[in-house]
Amino acid sequence: MPTATAVFNGKTIAKADTWETVEGNVYFPPSSLDKSVLTVTDTHTGCPWKGTASYYTIKVDGKEAKDAAWFYPEPKEKATNIKDHVAFYKTKVEIAMG
């Protein structure tokens, strides 16, 4: 069965055998995350069809990536499949599927 992983600073911070892909981004289900390395920030952005995104900063072994992950706690109707799922900026986190 294929898996998707997210790695930051050499540590796997998410691993899943089911996920959602939206606009080329892998959205990991909440149960697949290592929440010990994620801290919610005050940053929010809006998407016309997904809703308001909230952000996490990732910190692993002293290395930090501010607002490197985002999620939709209350998505709009067309994006309910990604509710609370987390996506990562590919420029900050290594994403692999295989």
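Helices (H or I, at least four residues) and strands (E, at least two) are DSSP runs, numbered from the N terminus, and two strands pair if DSSP finds at least two bridges between them. On this basis, E5 and E6 form a hairpin with 3 residues between them. The structure is a predicted model, in which local features need pLDDT of at least 70 and side-chain atom pairs count only at pLDDT 80 or more, while totals for chains, interfaces and linings use all residues. Residues are numbered from 1 along each chain as its sequence is written, and side-chain values use heavy atoms, with hydrogens and water left out.

The pairing of E5 with E6 is antiparallel and runs over 7 bridges. Within the strand pairing, Gly46 is placed opposite Thr52 of E6. The loop between E5 and E6 contains Pro48. This proline is exposed, as its relative accessible area is 73%; the classes used here are buried for under 20% relative accessible area, exposed for over 50%, and partly exposed in between (1.4 Å probe, protein chains only). A separation of 14 Å is found between the C-alpha atoms of Pro48 and Val22, which lie 26 residues apart along the chain.

E6 also pairs with E7, again in the antiparallel sense, over 6 bridges. These two strands form a hairpin with 2 residues between them, and Asp61 in the turn has a positive phi of about 50°. Tyr55 stands opposite Trp70 of E7. Of the 10 residues of E6, 8 are buried, so the strand is largely enclosed by the rest of the structure.

Charged side chains were examined next. Side chains of opposite charge can pair when their charged atoms come close. A salt bridge is taken as a side-chain nitrogen of Lys or Arg within 4 Å of a carboxyl oxygen of Asp or Glu, and a search of the whole structure gives 4 of them. One of these joins the side chains of Lys50 and Glu23, with an N to O distance of 2.6 Å. The pair links distant parts of the chain, 27 residues apart: Lys50 is in the loop between strand E5 (38-47) and strand E6 (51-60), and Glu23 is in the loop between strand E3 (20-22) and strand E4 (25-27). Lys50 counts as buried at 5% relative accessibility, whereas Glu23 is exposed at 56%.

Another salt bridge is formed by Lys66 and Asp67, at 3.9 Å from N to O. Asp67 counts as buried, with 14% relative accessibility. The side chains of Lys83 and Asp84 likewise meet in a salt bridge, at 3.8 Å from N to O. Lys83 is partly exposed at 41% relative accessibility, and Asp84 is partly exposed at 31%.

Aromatic contacts were considered in turn. Rings of Phe, Tyr and Trp (its six-membered ring) pair if their centres lie within 6.5 Å; planes under 30 degrees apart count as stacked, over 60 as edge-to-face and the rest as tilted. The structure holds 4 aromatic pairs. In one of them, the rings of Tyr27 and Trp70 have centres 6.1 Å apart and planes at 90°, so the arrangement is edge-to-face. Tyr27 belongs to strand E4 and Trp70 to strand E7 (residues 63-71), so the pair ties together parts that are 43 residues apart in sequence. Both residues are buried, with Tyr27 at 1% relative accessible area and Trp70 at 8% relative accessibility. The rings of Trp70 and Tyr89 have their centres 4.7 Å apart and their planes at 50°, so this pair is tilted. Here Trp70 in strand E7 is linked to Tyr89, 19 residues apart, in the loop between strand E8 (86-88) and strand E9 (94-97). Tyr89 is partly exposed, with a relative accessible area of 32%.

A nonpolar core is a set of buried Ala, Val, Leu, Ile, Met, Phe, Trp, Tyr and Cys residues joined through side-chain atoms within 4.5 Å. The largest such core has 21 residues, and those with the most contacts inside it are Ile13, Phe28, Ile58 and Phe88. At least two residues of this core are supplied by each of strand E1 (4-8), strand E2 (11-16), E6, E7 and E8. The largest share, 4 residues, comes from E7. Contact means heavy atoms within 4.5 Å; not counting residues up to four places away in sequence, the residues touched by Phe88 include Ile13, Phe28, Ile58 and Trp70. A second, separate core of 10 residues includes Tyr55, Tyr72, Ile82 and Ala87.
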